[in-house]
Amino acid sequence: MVELERQRAHAMLRSPEVVIFALMSIGEKANELDIMKTESGHLVEICEDNLIVGTDVAGGAVVLTSPNYQLLQAANYGHDDQLRLYQEFVLMVYPAMFMSQNVFTQFMVELGWQRSQCISLFRSYLDSSADVTGRGGLSFQEFMLWSAALEPHTTHGGVPAEIRCRYIFRYFDSNRDGKLEYVEFKELVGATRAARQLPGDALSLARDADLCLRQLGMQPNSQLPLADFLRGVGDLLLRGTSSLLRSPRSIAGYIMDLHARENDINQSNTPSASKVPATPTEVAVTTGSTFIDMARHSAAIAHRARPNAADHCLASYTVVLRRNQPVEIQRLSGFDEDAASSSTTRLISGPSRSYEMLNSTSLPSEALAAVHYFASSIEKPVQKRNSVSGTIQKPAWSWVSPAEETSLGSMLLKLAVAVLPICASEPRLLRIQSPVYILGDLHGNLTALLELERVLWPSEAGLWPRVLILGDYVDRGQFGTELVAWLFASKLQRPDAILLLRGNHETRDIQKMFTFYNECVAKYGEVEGVRIWNAINNVFDVLPLAAVVDDKVFCCHGGIPPPWVCPLITAIEKIPTPLPKPAEQSSLAWELLWNDPVRQGKITASLALELSANEGFAANAKRGTGHVFDSAALDRFLAANLLSHVVRAHEMYNHGFMCQMHGRLISVFSSSHYCGGKNDAGAVLIDAGKLRMIKVSVD
């Protein structure tokens with residue numbers, strides 16, 4: 001207490017909480033007089049401008065050049081992310097202002113770190129140059145910047161990479177002397193080799209460490225200062241640092257999930273439930289550790305076991321089937337009076353989205369009917385005044401008159417406008433459950449799509465399984481607009497069952513190089529055709545880029561991305577939307593759209609060397625963009641993300657599919673007779689823990 005009085009007298013006390021702590025420790029109760037003795041001019045008021053880093057707060061354009069801002073941008077930490085992080089920080093450290101090592105350890109374990117790692121993590125967290133008072137605790141800004149550096153999706157390049165490397169250096173600098181001893185440096189080298197799934201034997205570690213030191217102009221067994229370490233990383237003498245110090249899960253995403261679950265729990269409890277601890281009974285302070293609102297965390301953990309446990313509800317309409325071959329839906333019908341009680345009738349008497357989308361006069365139903373009509377060979381009677389004068393034979397894949405084609409164009413424009421908000425609301429990385437059919441490239445091949453529909457999920461019978469399509473809907477085939485009409489109409493009718501990913505042909509530049517742009521103009525005219533083409537591409541701009549089935553099977557159009565672009569697949573969730581120019585807006589999106597597996601028979605000596613030097617990735621010479629990857633890269637990707645398989649499209653195979661890389665990579669291609677060839681249409685069914693290949697021969 002004497003020391004506190006001395007600091008208060010010399011205006012060295014910056015917060016009144018420490019006075020309250022001291023009085024509590026000797027059993028006395030703080031009163032207003034004790035607090036008022038600390039002059040207000042000496043206190044620090046924490047406002048949003050003191051916390052948030054961004055162009056919309058103090059600093060403006062100046063902050064754009066700051067390293068902290070660039071790191072937060074690389075981690076996609078926006079205004080709301082920072083506020084949520086601060087809210088959680090306050091709850092964890094309350095009533096203190098800094099985070100102790102015990103509280104830090106508890107939080108890191110919740111994120112999935114091993115407890116044995118937490119001492120080194122905390123050491124890397126503390127910047128020795130900033131912690132001049134030796135307080136041994138973390139301020140909020142230190143906590144936020146370090147969290148941004150550890151995010152799985154934070155890009156490892158430029159200023160953010162240098163900041164990350166400084167944290168990595170401190171993580172391995174166990175004695176905090178600003179230099180890596182030879183033993184510490186070998187531990188770092190071992191971690192980089194483990195990240196690349198290379199052997200970690202003592203001989204290999206010593207060889208790599210000595211080689212790096214010699215290339216830096218240093219003697220083996222030398223100490224490695226921070227500046228030389230940064231130079232070695234920058235000159236690519238030390239590879240693999242991009243995979244080091246990555247959180248097992250997104251910190252911002254974890255806190256967002258915590259808050260979402262907490263909101264769900266609070267809504268189901270009494271309105272008086274309070275989030276912020278207000279009484280001593282809500283906060284238990286133990287030796288060096290704070291446990292905040294344990295009831296809140298217990299409820300959140302219990303809720304975590306059933307994240308999608310939403311209540312079921314009664315559908316508003318019954319489905320009446322006609323006994324044809326195949327079975328067809330005759331109509332949607334309301335409940336008969338004697339089939340539902342009056343109390344039930346009141347529940348289902350409101351407006352129904354099913355009726356709006358599935359009713360025969362709805363826009364999606366009319367569009368699907370038009371597509372099937374276009375694909376059918378029929379006789380159409382010719383009407384002359386009040387009599388029938390002969391018939392017109394309509395061949396399959398044609399219209400009787402230009403007006404019919406124009407009508408579909410009009411519907412297509414409306415479909416694109418209607419489906420846009422549905423696709424835009426979906427996450428960039430879909431997480432779905434089996435059973436699910438997976439289709440690959442279609443490329444305007446309406447014939448193949450309708451045949452797949454007929455044999456796999458006959459919609460006329462109401463059998464609507466989940467279908468995931470991996471992109472490349474247009475170009476090369478002549479029925480791109482009709483195929484897109486089918487996709488958009490089906491998506492409107494069954495948004496949770498028809499799932500569309502983006503392919504590399506769902507971009508404007510590619511379509512102008514190939515056929516889809518000209519197809520729209522040829523069918524619908526210079527003005528209306530361009531308008532329809534733009535409306536369709538507005539939807540393509542917001543399509544998801546990848547999906548995970550049963551948390552085990554990763555699906556995308558092209559292939560897996562390099563670890564320096566995407567350390568963990570959670571990075572995909574942060575890709576911006578809309579994405580009209582993916583090549584310029586997101587290197588991760590571009591990799592997902594364009595990458596290919598390397599073909600074993602095509603590996604030259606120079607390609608093998610490039611693959612070995614770049615963690616299993618090399619330039620994709622065949623396509624002139626993106627990368628190719630080998631089986632070692634695939635194995636690392638699967639292990640890092642706890643996955644078992646990858647399903648992708650992007651390449652044609654005669655059987656419609658190809659199983660590669662020890663059966664863990666499956667390529668699927670669903671456009672039969674592609675470009676006049678003789679290949680079959682392929683599909684993959686994921687069900688009951690198995691991936692089953694399906695080959696459909698389309699005559």
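I listed the residues around the second largest cavity and found D81, R84, L85, A252 and I255. I used a 1 Å grid over the protein atoms alone, where a cavity is a set of points that a 1.4 Å probe fits but cannot get out of, and lining residues have an atom within 4 Å of a point.

The model is predicted: local features need pLDDT of at least 70, side-chain atom pairs count only at pLDDT 80 or more, and totals for chains, interfaces and linings use all residues. Residues are numbered from 1 along each chain as its sequence is written, and side-chain values use heavy atoms, with hydrogens and water left out.

I noted about 40 Å³ of space in the second largest cavity, the volume being the space filled by probe spheres set on the grid points, which are joined across faces, edges and corners. My search of the whole structure gave two cavities of 30 Å³ or more.

I then asked which helix gives the largest share of the lining of the second largest cavity. Helix 6 does, with three residues. Helix 6 (79–93) and helix 14 (251–268) each supply at least two; helices (H or I, at least four residues) and strands (E, at least two) are DSSP runs numbered from the N terminus.

Next I looked at an open sheet of three strands, in the order 15-17-16 with mixed pairing; two strands pair if DSSP finds at least two bridges between them. Strand 15 (596–597) and strand 16 (617–619) are the edge strands. Strand 15 runs parallel to strand 17 (residues 627–629) over two bridges, and I found D596 opposite V628 in strand 17.

Definitions and conventions: On a 1 Å grid over the protein atoms alone, a cavity is a set of points where a 1.4 Å probe fits but cannot get out, and a pocket is an open set with protein on both sides within 12 Å along at least five of seven lines; lining residues have an atom within 4 Å of a point.
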